[in-house]
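Thanks for giving me a few minutes this morning. Please take a look at the structure on the screen, and then I will walk you through some of its details.

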Protein chains: 6
Amino acid sequence: MKKLNEVAVDEVFEAYLLIKEMNVRTSKAGKRYQQFKFRDKTGEINGFLWDTNEYTVKTFVANTVVHFTGRKELYQGIPQVNQIKLRTLSDSEPSDPQLYEKQGVIKREVLEEGISEFLFLIKQGHYARIARNLLEKYREEFFTYPAAKSLHHDFAGGLAYHTLTMLKVAKGLLEVYPQMNASLLYTGILLHDLGKVLELSGNGNTQYTLRGQLLGHIVLIDEEIIKATQELKIDDADEDVVVLRHLILSHHGQLEFGSPVRPKVLEAEVIHFIDNLDAKVTMITSAIDTLNNGEQTPRVLGLDNRNFYKPLI
Amino acid sequence: MKKLNEVAVDEVFEAYLLIKEMNVRTSKAGKRYQQFKFRDKTGEINGFLWDTNEYTVKTFVANTVVHFTGRKELYQGIPQVNQIKLRTLSDSEPSDPQLYEKQGVIKREVLEEGISEFLFLIKQGHYARIARNLLEKYREEFFTYPAAKSLHHDFAGGLAYHTLTMLKVAKGLLEVYPQMNASLLYTGILLHDLGKVLELSGNGNTQYTLRGQLLGHIVLIDEEIIKATQELKIDDADEDVVVLRHLILSHHGQLEFGSPVRPKVLEAEVIHFIDNLDAKVTMITSAIDTLNNGEQTPRVLGLDNRNFYKPLI
Amino acid sequence: MKKLNEVAVDEVFEAYLLIKEMNVRTSKAGKRYQQFKFRDKTGEINGFLWDTNEYTVKTFVANTVVHFTGRKELYQGIPQVNQIKLRTLSDSEPSDPQLYEKQGVIKREVLEEGISEFLFLIKQGHYARIARNLLEKYREEFFTYPAAKSLHHDFAGGLAYHTLTMLKVAKGLLEVYPQMNASLLYTGILLHDLGKVLELSGNGNTQYTLRGQLLGHIVLIDEEIIKATQELKIDDADEDVVVLRHLILSHHGQLEFGSPVRPKVLEAEVIHFIDNLDAKVTMITSAIDTLNNGEQTPRVLGLDNRNFYKPLI
Amino acid sequence: MKKLNEVAVDEVFEAYLLIKEMNVRTSKAGKRYQQFKFRDKTGEINGFLWDTNEYTVKTFVANTVVHFTGRKELYQGIPQVNQIKLRTLSDSEPSDPQLYEKQGVIKREVLEEGISEFLFLIKQGHYARIARNLLEKYREEFFTYPAAKSLHHDFAGGLAYHTLTMLKVAKGLLEVYPQMNASLLYTGILLHDLGKVLELSGNGNTQYTLRGQLLGHIVLIDEEIIKATQELKIDDADEDVVVLRHLILSHHGQLEFGSPVRPKVLEAEVIHFIDNLDAKVTMITSAIDTLNNGEQTPRVLGLDNRNFYKPLI
Amino acid sequence: MKKLNEVAVDEVFEAYLLIKEMNVRTSKAGKRYQQFKFRDKTGEINGFLWDTNEYTVKTFVANTVVHFTGRKELYQGIPQVNQIKLRTLSDSEPSDPQLYEKQGVIKREVLEEGISEFLFLIKQGHYARIARNLLEKYREEFFTYPAAKSLHHDFAGGLAYHTLTMLKVAKGLLEVYPQMNASLLYTGILLHDLGKVLELSGNGNTQYTLRGQLLGHIVLIDEEIIKATQELKIDDADEDVVVLRHLILSHHGQLEFGSPVRPKVLEAEVIHFIDNLDAKVTMITSAIDTLNNGEQTPRVLGLDNRNFYKPLI
Amino acid sequence: MKKLNEVAVDEVFEAYLLIKEMNVRTSKAGKRYQQFKFRDKTGEINGFLWDTNEYTVKTFVANTVVHFTGRKELYQGIPQVNQIKLRTLSDSEPSDPQLYEKQGVIKREVLEEGISEFLFLIKQGHYARIARNLLEKYREEFFTYPAAKSLHHDFAGGLAYHTLTMLKVAKGLLEVYPQMNASLLYTGILLHDLGKVLELSGNGNTQYTLRGQLLGHIVLIDEEIIKATQELKIDDADEDVVVLRHLILSHHGQLEFGSPVRPKVLEAEVIHFIDNLDAKVTMITSAIDTLNNGEQTPRVLGLDNRNFYKPLI
């Protein structure tokens with residue numbers, strides 16, 4: 001069995017793969033086919049099944065692991081698989097989707113432990129209570145949801161992974177810029193994307209919920225903070241609550257990116273930078289990951305249509 | 001006594017005027033002076049008192065009516081008054097600020113009656129209850145606050161006046177476009193700017209509150225709706241609540257104007273139009289109000305720096 | 001026989017349909033096919049005839065009614081028909097294109113009557129004469145042209161229908177904002193898009209004329225007003241003529257939308273709003289028209305790529 | 001007597017100067033003063049008369065030549081004159097404004113001759129007749145108006161001067177790019193800014209006319225071409241007329257600069273370039289004209305706020 | 001044998017054609033095919049070979065002349081060839097690629113002579129030496145490289161041709177604007193795009209080099225000038241060197257087009273104009289070249305998506 | 001003696017202050033005055049000396065320490081001093097400018113040591129040699145120049161301080177993102193702004209040099225790297241040199257901010273983030289530094305005109 005990152009272009013190969021996404025499409029000429037996104041721990045690749053029928057449509061669906069035979073090709077510079085044959089697994093074969101998720105090395109235990117350590121670093125009382133209340137309320141979702149529908153951290157646990165990485169960056173910055181309020185910064189990071197557990201449908205064929213589309217994750221977590229303060233009998237007119245909400249509302253940095261207010265507090269500006277930095281580093285790393293040194297990526301939409309180069313040095 | 005709209009350029013005149021705004025400033029050369037915005041029912045004019053002292057600074061403050069003597073001039077094309085003398089009023093003189101407010105013809109009773117009529121037109125149960133709950137909670141502020149710090153409807157009752165005008169426009173549009181949901185549209189309009197009673201400090205030397213600056217009126221009214229649903233035992237996951245919040249969150253039309261989501265429902269798009277239309281018509285009307293036919297205004301900042309012409313026809 | 005709005009996805013159906021547009025295309029691989037836009041009163045759908053020949057190319061052309069058999073499918077989220085068979089109609093079958101036009105309920109008589117009523121509301125002499133002169137000169141085109149090549153009001157009579165709806169909105173606004181000049185506003189609306197009768201080739205496979213492309217409908221109606229004033233012996237240096245031309249020249253609101261001047265008169269700003277509002281409401285209504293409640297549209301290009309939701313409420 | 005370009009900073013000097021512009025202003029503190037733009041053949045300078053009275057306001061007006069005494073200074077990096085004394089001229093002194101105009105070396109005869117030569121190069125019949133008709137109709141204005149209110153070619157005859165320079169550039173380009181239609185290009189250039197004789201009030205304290213503000217010079221010359229074709233019995237549906245109007249309508253190059261259509265014909269694109277080039281070269285030359293080599297200008301608003309350097313080489 | 005500009009749409013024809021570009025592609029369905037850009041002196045056309053094999057992939061490559069049989073078609077309004085048969089040439093057939101290049105009439109001798117004439121017009125010592133040094137160093141590349149990968153002047157010698165045309169335009173402008181420094185302007189033009197010989201891989205299947213992608217041609221020629229001054233013992237702190245480098249660094253006119261500084265010297269602004277003008281005129285001419293009068297092009301990406309019209313006049 | 005951060009608004013105070021900048025200005029009315037920027041370790045304030053003469057102009061110049069008496073005021077929300085009296089210091093008074101510089105706690109020794117530590121962390125041979133070569137060549141300037149003319153790090157040693165802080169941030173990020181090349185990242189940071197020693201004139205009344213204005217610091221350091229490779233016999237076509245130059249050329253992140261290429265290598269993107277982050281954190285910290293908790297700054301130009309709040313928490 002091959003891993004995805006071991007397959008050469010034009011090679012026909014066999015592998016166990018997780019179906020990450022599956023959509024039934026109709027071609028312009030009216031022919032039905034299945035579009036797949038396959039994944040194993042080493043990478044991800046799109047492909048098409050042209051001879052499709054009721055059985056294949058019902059069997060080869062998202063979150064299923066399959067035995068795959070097919071050929072790797074380049075289409076407009078981007079790898080895909082074709083001439084696909086799929087079959088279901090027998091009991092003796094490795095069918096647990098978790099085995100195929102990207103970043104699978106970050107086990108949930110490790111994520112939970114990492115997040116937990118940072119919770120202890122929140123010294124300010126209201127912040128510690130709000131953060132614990134909401135992380136407890138959405139614990140299951142927080143550690144299993146992706147951080148986005150696509151673009152970056154689009155895997156089970158991606159939300160917690162992105163949050164934990166940001167916390168680590170923040171810790172380093174607090175040493176260089178000690179004028180920042182650590183409790184505020186950590187709480188802001190912990191909660192900043194938690195609204196995604198209400199905005200998205202979960203991992204695997206991730207969709208936006210109606211509330212996600214009409215209200216957005218920024219407003220949804222703001223609502224959760226309001227409710228938490230009520231439950232915890234914290235007055236939401238207290239300045240610490242107002243400032244925390246400001247951090248989260250403004251963390252997209254610019255109005256045109258969906259924040260209803262721009263950062264007006266030092267820590268708010270910094271959260272925006274850390275969020276943006278982690279998204280960019282993750283997207284670039286992911287884009288050059290499967291390249292050989294000396295090669296470059298096709299243009300990447302989420303990176304302003306730039307292509308990135310992986311140096312020989 | 002003259003009214004402001006009867007005074008010619010270069011004329012020295014006497015009048016009773018309301019001090020709408022007063023700020024103590026220091027010139028570049030270090031000299032202290034008072035900057036005023038005066039108002040009567042017929043208009044508004046800025047001016048400066050150069051010989052200032054402790055008495056004048058304490059006496060001639062915002063929301064006070066004074067007896068005014070001075071000269072009207074043009075400064076960079078815009079009228080102002082200078083060579084000012086001010087005195088306080090005796091008991092026999094008309095000192096009630098309400099007598100000098102713009103649009104003073106719209107009495108509070110009329111506004112309350114108008115708003116009340118539209119409340120009866122909200123047939124959908126949840127919407128009617130939410131609207132009544134919040135209008136009751138903030139009744140006093142709603143009928144006395146301006147709709148903005150400056151630009152348009154910046155007078156006592158301006159918020160209710162702007163809201164009522166929008167409701168009237170909406171009523172006309174519902175006849176032409178019956179496909180719209182009247183309850184949704186009316187509730188959205190009634191609440192869309194109500195967050196300003198928390199964003200602004202009130203009428204007269206209007207300032208932004210801290211919550212206003214860090215959260216903004218859109219998020220503040222969203223919070224109030226959440227609290228109202230909790231108080232009224234309405235499930236905020238109900239679609240009608242989600243859609244209503246969407247209308248209000250998206251009513252600035254574009255992300256770059258501070259809405260965290262863009263309109264995705266017909267009535268949301270229409271509220272944005274009505275709001276924008278009423279703001280523009282009010283600003284233009286106000287800008288050309290004191291002109292003679294055949295004249296034009298200086299460039300108006302809030303109208304994309306255009307100047308407007310008042311035709312002879 | 002089915003109506004278009006009664007057909008389910010994946011259903012094979014028979015219907016009488018009007019061919020609204022037909023283009024002969026060549027695929028990348030060099031194969032010729034026909035692309036259709038079909039329409040009946042209830043909707044519109046695209047489709048392809050892959051087995052095409054000289055006969056089908058000459059017979060199944062725009063503005064022809066055909067007997068249709070085929071299958072409805074989704075392609076990239078948008079409905080289309082495929083596996084098409086077409087035949088011409090016998091004499092006993094309903095072959096009048098008018099029977100299949102969208103909005104067919106608005107009969108020409110109703111439009112003419114509606115427009116005529118508003119002509120009577122123009123009290124100012126010059127305006128009444130200019131409006132009547134030009135509507136008379138282009139009466140036939142005005143009542144049969146679409147308002148646009150696509151996007152909105154792209155049906156026979158769409159131009160008059162759009163104009164009449166705007167007049168109705170204007171009437172409602174004049175009650176709320178009586179400071180506007182009704183004669184000016186009505187004349188401006190009546191003429192604002194009349195240049196389209198010179199810009200476009202007519203209804204059915206609508207194309208831009210050379211003058212349309214090189215001069216544009218705004219300049220073309222301006223030219224017509226100049227000629228009308230000459231014919232009617234009205235001095236075009238008169239301020240009322242200048243202001244009317246200003247309204248029409250500025251009605252796109254912004255230079256980047258093709259207006260050579262920005263609105264500088266109250267009524268000019270308002271026409272721009274009404275025009276924009278009617279376009280948006282029509283596009284949104286049209287986009288959600290065939291949805292069930294609780295569904296949303298694909299992204300709509302003409303609406304800034306937003307998708308719209310049709311609420312359950 | 002000094003020339004303006006001979007005076008050093010901080011020098012007190014005497015000169016004969018033309019008052020190019022005069023405005024009576026009021027300072028923020030309510031004091032009246034006169035603001036001047038003075039000019040002689042070698043340059044231009046602003047200044048203020050602080051001790052003003054009825055006599056000075058009536059006497060020292062635009063288009064008057066005066067005897068000047070005063071001091072040259074820098075204000076925010078820009079030269080101005082102060083401590084001014086003015087007196088009127090005796091009969092023996094040189095009071096003809098023409099003697100003080102910038103570019104005065106270009107005598108009207110030279111301009112007329114230059115323009116006339118190019119008229120002979122227009123071989124196409126309709127174009128030759130339209131160009132002659134309109135240049136004849138507005139001959140006096142064409143040779144005495146400035147090309148703009150400020151920014152560039154803001155002197156008597158500036159319009160004709162700018163036009164003639166553009167024609168010369170076009171002649172050079174026709175040798176390099178012979179695929180262009182010379183008659184079309186020359187006619188387009190000759191007429192492109194002629195609408196300014198209707199948009200502006202003339203030379204000296206130049207103002208926009210009402211038609212200029214509400215319609216703009218592009219539409220005004222388009223109107224004149226329509227009228228010329230009618231007078232000359234040329235059918236304005238003829239393609240040559242349509243293309244000529246297109247050139248002029250599109251000569252600002254972009255919609256956001258006020259052209260209602262973008263250039264869609266080769267010669268239209270080229271006119272836009274020549275116009276833009278001549279404006280830029282003129283503005284830069286004018287900005288560095290009075291500098292010594294090795295110096296640079298303050299930031300120039302009309303040149304995107306850049307400052308320009310005059311090299312030593 | 002036909003020339004490309006003699007072939008009608010839907011015509012099957014035979015011709016000798018140069019393969020300008022060839023890429024092996026895979027279709028979405030996984031099928032391999034060859035994509036060609038063919039060229040002869042009269043034009044250029046794309047096409048596909050669907051039945052491809054190892055032999056065709058190795059034989060029919062870029063910079064080869066072939067005997068072609070196939071059919072001309074329109075695909076989305078743009079001509080292409082299909083149903084292609086290709087064979088290699090016998091010795092008696094015309095196989096020299098130069099015979100098929102666009103603009104082939106400009107022989108290299110003519111280009112060399114033209115460039116040489118302008119070298120003699122550079123009177124300033126440093127400039128003459130730097131220009132000669134670098135043109136000598138890269139003589140072969142300068143006269144054989146295209147000026148761009150596509151868009152304009154994408155043929156062997158295109159770089160020298162574009163440079164020479166710009167020099168001719170500059171000569172004409174120097175007569176109209178004698179205030180410019182001819183040596184500076186000519187040297188700037190000669191060197192402005194010379195960095196492309198390091199940025200691009202050469203003529204035929206032109207690619208960007210790694211240095212081209214990571215540094216860009218503007219920085220690459222700047223580096224060459226620095227090295228030339230060192231070799232020639234010219235102090236690069238001398239103002240003439242600084243100003244020359246400024247011209248070249250700023251010749252894209254705007255930061256967003258890749259110039260690290262904006263033009264701040266008259267000649268810098270003018271080079272930018274000439275460069276832009278020649279690119280535009282060349283692209284438009286090329287786009288309308290094969291049209292009949294009265295036709296228009298499809299939308300052209302490099303011309304802001306405009307379509308251009310070729311008038312009947 | 002007071003420190004600047006101890007003085008209240010409206011307080012008259014005495015202090016030793018460093019004159020950071022001094023300019024002689026002329027008022028609109030022609031009166032000469034001196035504009036100062038004063039500084040001590042605790043802050044910075046502008047002020048004016050209205051009674052100026054030859055002696056004061058020559059004596060109270062940039063980089064001088066003076067004994068100051070005057071009054072602190074607010075002008076348009078920003079503190080300034082007025083009613084100033086200045087005298088020179090006696091020998092017994094503290095006249096060393098270094099004692100008054102912001103961030104004076106960072107002694108040069110500390111900076112040198114910090115930078116030196118990071119030099120040891122550069123393991124790649126070429127990078128280590130280039131970095132050492134250039135830091136040695138410009139050691140004196142590097143440790144005494146400001147990082148900018150104003151906005152941020154505008155104090156002696158600011159350039160080295162900014163560089164060192166960025167290196168510390170980079171070190172923290174390398175722990176979180178170990179996929180980055182440390183040698184490349186550190187070398188890029190060390191050199192990224194070194195061109196400023198050629199772009200700026202030094203500390204105190206900092207000006208742009210001619211090369212700074214016409215070439216910019218990005219191109220100037222690129223030139224220095226080229227020269228260093230020549231001196232060190234490193235082939236500048238080596239990929240490591242190309243990638244290093246790319247990092248520095250692209251570190252402004254966007255073309256419109258003056259980078260001739262956008263980041264296309266992971267470390268290039270990250271340097272841009274660190275640079276931007278340090279600039280923002282420094283500007284915000286500096287803006288809120290002298291505030292009391294619960295206050296906010298006036299709008300800050302360099303921070304997109306936002307005002308920042310210093311929370312009570």
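This is a predicted model: local features need pLDDT of at least 70, side-chain atom pairs count only at pLDDT 80 or more; totals for chains, interfaces and linings use all residues.

Let me begin with Q83(C), which counts as exposed at 52% relative accessibility, where exposed means over 50% relative accessible area, buried means under 20% and partly exposed lies in between, using a 1.4 Å probe and protein chains only. Q83(C) is found in strand β5, residues 78–87 of chain C, and its phi is near 50°, a positive value in a residue other than glycine. Residues are numbered from 1 along each chain as its sequence is written, chains are lettered from A and ligands numbered from 1 in the order in which they are written, and side-chain values use heavy atoms, with hydrogens and water left out.

K233(B) also has a positive phi, near 55°, and is likewise a residue other than glycine. K233(B) lies in the loop between α9 (217–231) and α10 (239–249) of chain B, and it is exposed, with a relative accessible area of 74%. Helices here are DSSP runs of H or I with at least four residues, strands are runs of E with at least two, and both are numbered from the N terminus.

Now to the aromatic rings. Rings of Phe, Tyr and Trp (its six-membered ring) pair if their centres lie within 6.5 Å, and planes under 30 degrees apart count as stacked, over 60 as edge-to-face and the rest as tilted. By this rule there are 63 aromatic pairs over all chains. Take F142(C) and F143(C), whose ring centres are 5.0 Å apart with their planes at 75°, so the pair is edge-to-face. F142(C) is buried at 1% relative accessibility, and F143(C) is buried at 7%.

Y33(E) and F48(E) form another edge-to-face pair, 5.8 Å centre to centre with 65° between the planes. This pair links distant parts of the chain, because Y33(E) is in strand β2 (residues 32–40) and F48(E) in strand β3 (residues 43–49) of chain E, 15 residues apart. Both Y33(E) and F48(E) are buried.
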